[in-house]
Amino acid sequence: MKRKSKIVLVIIIVIIVSLFIWNRGTVKFALTHKSWDNISYENFIIYYPPDYQYSEELNTWAKERYLVFCELLDVFRVEWPDEKVITFYVFNDFENGRDYGLKLGFALRRTNTIYTRYNQTRGHELVHIVTNYLNSGHFLHSSLINEGIAVCYDFSDRDFDELSRFYLFNDDYEVDIFGDNFREHQYAYYFGGSFVKYLINTYSMDKFLEFYSQDGLDESESFIEYYGKDQKTLYNEWVNYLKGG
Ligand SMILES: [Zn+2]
């Protein structure tokens, strides 16, 4: 082999090894997840890694989430197609997910797949999946609304109005929860949960579902079209509601 070819070969090997080390969690997941043990429950299939600590509790875990799933179908009036399976990958905790290159938890709506922690709330990721069936996959592309509705129906016992009051009024600031600014704020999910709950309780679930299950308009246009008010007006209404509570 010529000297030049040898150098190219060494460079290629170094690049491949570096990529492997850089992404070793992702590579580990990609190479192993298909052979992980799993259980089935109704239309759920739940995979867990070899170092999973809660396999004994997995049937109960699945049952609790299936009950929530059925409630969510009722809440959002979704007819779930019988043949559609929801695939879960469940990990011990954040750390365990990171070992596999995953930043938990999240849901991939197109493939009905959920990546989650053992003690993540029962509802959050399932809301992302169920709401994808509202109107053939059309949904408003808004972080505030998508995360807000998932928080609102996460089936935890947290009071998001109270949490929002605490973080908004203790620091006495006005936050921008709209558009790309939503993800900038540390407590955005609490604000989103409370704001969406306010919209639903004040203007009805029917109105919310119409507003949410369309992608013809962007976030700010949608507020005007469906609520007849701009986002700033709705924000102020929500803050006033929190102040009154
Ligand atoms: Zn989410």
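In the predicted model, 31% of the 245 residues of the chain count as buried. The chain contains 11 helices and 5 strands. Its C-alpha trace spans about 75 × 45 × 35 Å along the principal axes. Among contacts with a separation of 6 or more, 63% are made by residues 24 or more positions apart in the chain.

The domain assignment divides the chain into domain 1 (1–34), domain 2 (36–133) and domain 3 (154–244). The centres of domain 1 and domain 2, taken over C-alpha atoms, are separated by 33 Å. Contact between these two domains involves 7 residues of domain 1 and 8 residues of domain 2. On the domain 1 side, the touching residues comprise 5 polar, 1 nonpolar and 1 charged.

Helix α7 covers residues 160–169, and its buried residues are F160, S164 and L168. Viewed down the axis of α7, the buried residues fall within an arc of 60°, and therefore they line one face of the helix. This arrangement can be related to the geometry of helices in general. An α-helix has 3.6 residues a turn, so residues three or four places apart point the same way. The buried residues of α7 are covered by elements that include α6 (143–152), α8 (188–203) and α11 (231–244).

Notes: Residues numbered from 1 in each chain as written. Predicted model: local features only at pLDDT ≥ 70, side-chain atom pairs only at ≥ 80, totals over all residues. Helix = DSSP H or I, 4+ residues; strand = E, 2+ residues; numbered from the N terminus. Buried ≥ 20, exposed ≤ 12 C-beta atoms within 10 Å, placed from the backbone. Domains from an automatic or database assignment. Nonpolar A, V, L, I, M, F, W, Y, C, P; charged D, E, K, R; others polar. Arc of directions from axis to C-beta.
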